[in-house]
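Here is a friendly walk through one protein model. Please have a look at the fold before reading on.

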Amino acid sequence: SKIVDSPNSLKAHEARILAGVDEASVKTNGWTWKGSQVWCCSFFRETNIKTTRLYFSAMERDGVELRVGDSVALQASDQDKKPFIGKIIAMWQENLGEMMVTLCWFYRPSDLENIKSPYGSHELYLSKHTDDNSAATIQNKVYVLSFPEYCRFYAHQAQTERNISQCKVVPNVIKWRDQVIPSAVAPCDSIYFCRGVYDFRLKRTLKQQLYYTKYL
């Protein structure tokens with residue numbers, strides 16, 4: 001159900017009126033809520049505050065659907081910089097109606113210190129650094145694959161372009177992790193891979209290698 005059709009949207013609408021917030025000022029960048037919604041209690045360890053939020057399962061814009069667990073690119077404040085990449089771990093609505101997402105951040109190797117090993121141009125490091133951001137800052141959906149998935153995807157692409165039958169030893173990448181593996185029409189600049197973890201508190205990479213997809 002859409003948020004505009006629910007009693008909860010009326011509460012947000014009334015809150016915006018009481019706060020003197022103009023409806024048009026609530027920026028969404030074209031995103032709208034989609035799917036189920038539920039009120040949940042959230043506890044913030046840093047501030048020791050407990051609050052209730054309205055959480056959603058998905059959002060949509062121009063036929064592109066985002067769900068919890070998907071990765072997205074967010075525009076940087078400096079237009080010359082590359083977009084930030086994060087994984088959605090929650091979607092919720094702020095009290096005044098603004099669409100919000102909680103993200104777990106990926107880091108680019110070029111932004112980190114003490115990176116000695118060679119890395120790819122589309123390589124990312126996973127972190128436990130999370131924070132909340134407006135959904136209006138989301139540019140588009142991206143795909144963060146494990147390194148084996150990344151290699152298999154481009155191997156499959158090359159086989160298709162050269163009309164070579166797919167090797168039977170490697171699992172069919174199209175049927176493996178359907179919700180994560182991009183389609184053949186996905187732009188190359190939206191496909192990344194991750195095989196390492198970065199500890200943003202210690203400011204160093206960990207030895208753990210992400211060969212398993214459950215972290216992505």
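This is a predicted model: local features need pLDDT of at least 70, side-chain atom pairs count only at pLDDT 80 or more; totals for chains, interfaces and linings use all residues.

Residues are numbered from 1 along each chain as its sequence is written, and side-chain values use heavy atoms, with hydrogens and water left out.

**Cores**

In soluble globular proteins, nonpolar side chains tend to be buried together. Here a nonpolar core is a set of buried Ala, Val, Leu, Ile, Met, Phe, Trp, Tyr and Cys residues joined through side-chain atoms within 4.5 Å. Buried means under 20% relative accessible area, exposed over 50%, and partly exposed in between, using a 1.4 Å probe and protein chains only. The largest nonpolar core has 16 residues, and Met59, Leu66, Val72, Met91, Leu103 and Ile138 have the most contacts inside it. At least two residues of this core come from each of β2 (49-61), β4 (71-74), β5 (84-93) and β6 (99-107); helices (H or I, at least four residues) and strands (E, at least two) are DSSP runs numbered from the N terminus. β6 gives the largest share, four residues. Leaving aside residues up to four places away in sequence, Met59 touches a list of residues that includes Trp31, Leu66, Met91, Val101 and Ile138, where contact means heavy atoms within 4.5 Å. A second, separate core has 10 residues, among them Ala73, Ile85, Leu124 and Tyr192.

**Strands and a helix**

Two strands pair if DSSP finds at least two bridges between them. β6 and β7 (residues 123-134) are antiparallel partners over seven bridges, with Val101 opposite Asn133 in β7. β7 and β9 run parallel and are joined by four bridges; Leu126 stands opposite Val197 in β9.

Helix α2 (residues 147-161) has 15 residues and reaches 21 Å from its first C-alpha to its last, close to the 21 Å expected at 1.5 Å a residue; the expected span is 1.5 Å times one less than the number of residues. Its buried residues include Glu149, Tyr150, Phe153 and His156, and among the elements covering the buried residues of α2 are β8 (138-146) and β9 (191-199). After α2 comes Asn163, with a positive phi near 60 degrees.

**Aromatic contacts**

Rings of Phe, Tyr and Trp (its six-membered ring) pair if their centres lie within 6.5 Å; planes under 30 degrees apart count as stacked, over 60 as edge-to-face and the rest as tilted. By this rule the count comes to seven aromatic pairs. Two of them are set out here.

| Pair | Centre to centre | Angle between planes | Kind |
|---|---|---|---|
| Phe84 and Trp105 | 6.2 Å | 75 degrees | edge-to-face |
| Tyr150 and Phe193 | 4.7 Å | 45 degrees | tilted |

Tyr150 lies in helix α2 and Phe193 in strand β9, so this pair ties together parts 43 residues apart in sequence. Both Tyr150 and Phe193 are buried. Phe84, by contrast, is partly exposed because its relative accessibility is 44%, while Trp105 is buried at 9%. Phe147, Tyr150, Phe153, Tyr154 and Phe193 form one aromatic cluster.

Charges meet rings too: the charged end of Arg195 sits over the ring of Phe147, 4.7 Å from its centre, and Arg53 lies over the face of Trp92 at 3.5 Å from the ring centre. The rule asks for NZ of Lys or CZ of Arg within 6 Å of the ring centre and within 35 degrees of the ring normal.
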